[in-house]
Each structure stands twice: as C-alpha cells, then as structure tokens.
Amino acid sequence: MKAEFRAQADGFDLVAGAMTLLRHRAAAPGIAAAVGDPDVVMVCGNFRMDDRRRALAPLSLVDVTPGRVELRAHAGAASDLTLTLVPLEGGFALDIESHDPACNRLTVDLAAPPDEHIWGGGEQMSYLRLNGRRFPIWTSEPGVGRDKDRELTRIMDREGMAGGDYWTTNYPQPTFLSSHHYACHLTSTAYAALDFTDPAVNRVEWWEGRGRIEFTFADSLPTLVGILSDRFGRQPKLPGWALEGAIVGLKQGAHSFDRLQRIRDAGAVVSGLWCEDWVGIRETSFGRRLFWDWHWSAARYPDLPDRIAQLRAQGIRFLGYVNPYLAIDGGMFAEARELGLLALRQDSDDPYLVDFGEFDCAIVDFTNPAAAAWFADRVIGREMLDIGIMGWMADFGEYLPTDLRLHDGSDPMLAHNRWPVLWAEVNARAIAAKRLTGDALFFMRAGHAGVQAHCPLLWAGDQCVDFSRHDGIGTVITAALSAGLVGNAYSHSDVGGYTSLHGLVRTADLLKRWAELGAFSPVMRTHEGNRPDDNLQIESDDDILHHFAAMTRVHAALAPYLRSLCDEAADRGLPVQRPLFLHYPTDACYGCEDQYLLGSDLLVAPIIHEGRMDREVLIPAGETWVHVWTGDVMAGGRCTVAAPFGAPPVFYRTASAFTPLFQSLSAHRGELV
C-alpha cells in the first residue's frame, strides 16, 4: 500500500491508497505534543496512573517534502517535530520524533470512517468491539469485579485499589484492527492509550517524545490477522497431549493423586495433573497461595519424581507453577542476591522488594543476561524439567514497579510493559535448551506486543467464580477472541474461575457451564481457586463429577479437529477461537461478542448467564449449520436454542471434512440429557 503526505493550505494529509488516515490542520491538529510528570502508585499489581500534563504550543506550521513532514510552532523556529514515512512489506511505518527535549507525551488522531468497527487492544476482558471507549495500555492485575457499580468492586477498591475497571487487563497491546482491513500498531512500550470515544477519531497517545506507528493492509480480515501473527511471532503447535484430555488442577499435596484416581474412575479423560502447590503452600487472608521458592517440596509431595514417572507411563503429564519473583524467606532469594541477579532499589544496592500481600519478594532482573540464563537453567531447567515436569503456569509478569533500578539502565516506565515479554522468553529458552519445544507447555496471563513469539498458550487470568458481566465466565470468550486477533493462536481459562472473596463462591451451575466452555476450547484445564475449601470442586458430588467427565470425553474426541486447527495456526496464523466476523463480515457478526467459531467448522454459543437453560444464538447465513446434539438443521439468523446441562449450543458446518467426528460427539457425552 503506497502512502504519501499531501500538502494542504494550512496543514497536510497522510493518505494510503484511497484512505485518508491522518488530517492535520492549524485549527484541527491531528498531532499534539505535551510535557508530563507521572505519578504512579502500585498496590499488589494494581496501578493508579496520574499525569500532571502541560500542552506544548500547537504545531501549526508545516513543511511537506516527499516522505517527510516538519512541524513548527513558530515561524523561523527550528523543526519541533518530524514525521517520516518508512515503507514496510504490506504497509508502512510513520516515525514521529519531537526535537523539543522537554516533550515526553505524543498524541496522534487518526481519521475514523463512520462505518468503521474496531477490535484489538491485546487481551481485553469486557468488550471485543472497542468503539466508543478508551483503553489504557499498561499491564496490571485486572482487578476483582471490574465494575464500579458492583459492591464487590467497591470493597476491593477500598481494600487496596484492587477493584479494576472494564479496561484493566494482564495483557494490553497498543494494536487495533479495522473493519476496513487495516491494522495500526504502536511499537512503544511506554504507557499508552487507544481512545475511540470520539466516533470520528482513532486516537493513539503515549508517554514518550518519539515513536513508530505501523500500518498494515490486507484484502480480508483473516489475511490481516495472519500478517499480524507473522509480525509478532508464531507460537509452536500445542503438544498433542494437551488436546487429548483435561488438565486437572488439584493442590492437596500427595492426596491429589488419590483424588485424580477418583476422577478418572468416573470416566474422565485426563491428560495432565496440575499441582501448583508442588513448591509448598503459604496460607494468607486472600486464600491458599504458594511458597515462592522454586524447588520441589518433599514434605508436601514425597517421591514426586517417581510419581511423575508413574503418571507419564499412564499417558498423564505433571504440571507445576512458577513466577519470576523470589520470596525473601526462601533459599533461592539468597542465592540470586549473592550472584547479583536481582533488581535493585534506586537509593541503595539492596534488592528491591515487592509486597505480594502478606509476604515480600525480590525481582529477578531479566535485563541482566546472567539473570535470565540463571532462571532458565537453574530454576526451570534443573528444578522443573529435569524431574519430569512438562508444563506449568508461568504466572505474573505485570508487577514491575516504576521506581527500581535495572541492570541495563533502562527506564522502568518503558520496561514495565516489556516485562511479560522478557518473562515469556525465559520460559521458552528453558524449554528449548532441553529440546522440548512443542512438547513441554507453559501458559501465561501477562503480555504485551512480542509475547506471541515466546508464549505458546494464554490463559485468561483470575476471573470471579460467577456469571458477572465484567469478571465472570463470559469474559474469557472476549479474552480469547481479542487476543487471537493480534497473533495469539491459543487461549484457555480456569474451568470454574478463580477468585472467591467476600462470600462469593462457586455454584454447581457455574462449574458445569464452565466445563462445557472448556470442552470447546483448545485446552481444558480446571482450577481449585484461591479458596478451595470454600468452593465446589469437580468431584464434590457425583452429579458434578459425572457432568465433568462427560465434557472431558467430548473434548478428547475433538482432538483430531483441534490438531488440524493447530496446523492451520502454524501455516496461516489464524487463532483456534475466532470471532464470527472473521469469516462472516456482516453488521450482526461485527457486534457479536458472546459466541465464537472454533476453527471455521464449529459454532459455539456457551451459556454464560446464571440459571439459563436456553439462549439466543446468531447463526451465520450462507452455510448449512447442524445442531451437534439434536441433528436439527439451523437457518441463518437469530433463534433460541435449548441448552440443558451437557448440551451447550454447538453447531457444525455440513461442508466440514470433520462432519463424522462432530456427529459422534453425542455418544461421547453419554446420557447426560
């Protein structure tokens, strides 16, 4: 796509093909510069970002030459800001640089056509379509409740800024896609925002005095998504074992093995046992947490390497947990401090400590190559992979404070959003060193642009154990679809949710519906939650266990289809879970956020409202769709479909090569309905 600057009487336009992307006029500037002084407060990974800002003089004087624009505030002055076009394959970049040393804030207002739909922003939880809202780009805890009208959110805000909002997310990314078949990506890792509150403007703002905005064009949305996957990095295919059954999360020490046997005896197909408490437990007021000193707890898991080998002989992998912090009351903290591998305070050479809620931790400084190598080899390699652990939750990555000192001298304000990418790289490096890429598996919740090249699987973070609009089961659909559009092929969630606070506990309804959603996800994995003793678990009673086992059989039966989708992700960069509009670009599908396509051949409409035994489903027109459980042929449009437990609304395309497999799913489910 050819781009050029076109001089106008009192400004300029940036034009690409027939599209005007940017208009700058003296009376209506498209570019603005400012000076800001940030005030950043962090409490347990929740951030308050304030900015004392002073606008610089409007850049009203313009000199246009081919591929370059000089902007000035005053006649006769030197250039205050330069714009340069850089050709790229499939598009171009707009490089912006202020020549005012005081400038550390830039804003670019891109033109928004009136019929445009916008998506992206990384992994968003509340809204798939971004039009009409502002989305700050800063990796953080997403918050509990995430709805300021909800009492739980207000309680959590009072207890430590922990309530969150619709835009708070572990994985933000300054990238958006347009229904006009282009994508816009800001390459900066600074605090940024994508602002679509003005229907005529797509605003990109960030806290630096320079930056690059990349524009990518394609002839279709699937092609555009594939190009972005190339841009940010393709994941390896998911291991076959991760597709072939459920990964059961239990954290009850050696008793976890007995519980696993009961679950299997009920007919569940299990491919992994995930015991995040392999390192030991720390009980806190928040709930049952882990002891962050990364080696096997022999007291909690006697003979763990032998147990892992026994499971492996039965076709079951053992998974653990790790994060990039070291508890100061553990032995690894002393080792890393002695080796000089920790991030430091600004006022001394002491390690910078972070309060994680009733215990303090140091930060392994991944800007130090020796620290990254130490963690990959010493922790993940020797303590985990060498004893047979073949998967893990690579947790956190969002907590880097902005007032510490890093080995490479980088500004923590710029390193903060980059931190999840460095953390993902350490995990991928450890697996590659053991030649286990594509076999061992880790999953992350934190991210930013570039995490795609290293992280093989996302999980949607810590949802509440409920059906709430902004922090419940439905948010994991939005998370998977939004992340998939910016190059993340694989996503999943905690079956049953995680966060249980202030009397909020799981119901059987929720646990069953989440198991149904998990069955039609790339990976099906359960979690006991932060307060296991207060909440229903998958084997709490025979009815829940019977339902869960049936859903694992359905998920396992889908493995050949899911493998084909992994092949497609590797070849074309398309995510496994897709918004309807990716294949059916209609106004109705553009606005559909609570259904998804699993590949191109399955339409999934999970039950995400409490107590519902039916739901309205949007059936895309132009194909013949068949209800998986009843065999009914569905006409295009909206219809209400019954959804008893064990039969979530799922439909297949009759043109699919996997039609016989889809027709067999009812038999795998058994006699649930």
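R282 is buried, at a relative accessible area of 13%, where buried means under 20%, exposed over 50% and partly exposed in between, computed with a 1.4 Å probe on protein chains only. The model is predicted, so local features need pLDDT of at least 70 and side-chain atom pairs count only at pLDDT 80 or more, while totals for chains, interfaces and linings use all residues. Residues are numbered from 1 along each chain as its sequence is written, and side-chain values use heavy atoms, with hydrogens and water left out.

Side chains of opposite charge can pair when their charged atoms come close. R282 forms a salt bridge with D329, at 3.1 Å from N to O; the term denotes a side-chain nitrogen of Lys or Arg within 4 Å of a carboxyl oxygen of Asp or Glu. D329 is partly exposed, at 46% relative accessibility. Because R282 belongs to strand β20 (residues 281-283) and D329 to the loop between β23 (325-327) and α6 (331-339), the pair ties together parts that are 47 residues apart in sequence. Helices (H or I, at least four residues) and strands (E, at least two) are DSSP runs, numbered from the N terminus.

A second pair consists of D349 and R405, whose closest N and O atoms are 2.8 Å apart. D349 lies in the loop between β24 (344-345) and β25 (353-355), and R405 in strand β28 (residues 404-405), so that distant parts of the chain, 56 residues apart, are linked. D349 is exposed, at 61%, whereas R405 is partly exposed, at 32%.

K512 and D543 also meet in a salt bridge, at 2.4 Å from N to O. This pair ties helix α11 (residues 508-519), which holds K512, to helix α12 (residues 542-557), which holds D543, across 31 residues of sequence. K512 is buried, at 9% relative accessibility, and D543 is partly exposed, at 44%.

On a 1 Å grid over the protein atoms alone, a cavity is a set of points where a 1.4 Å probe fits but cannot get out, and lining residues have an atom within 4 Å of a point. The largest cavity contains about 50 Å³ of space, a volume being the space filled by probe spheres set on the points, which are joined across faces, edges and corners. Its lining includes V476, H492 and Q577. Helix α10 gives the largest share of that lining, three residues.

Key:
On a 1 Å grid over the protein atoms alone, a cavity is a set of points where a 1.4 Å probe fits but cannot get out, and a pocket is an open set with protein on both sides within 12 Å along at least five of seven lines; lining residues have an atom within 4 Å of a point.
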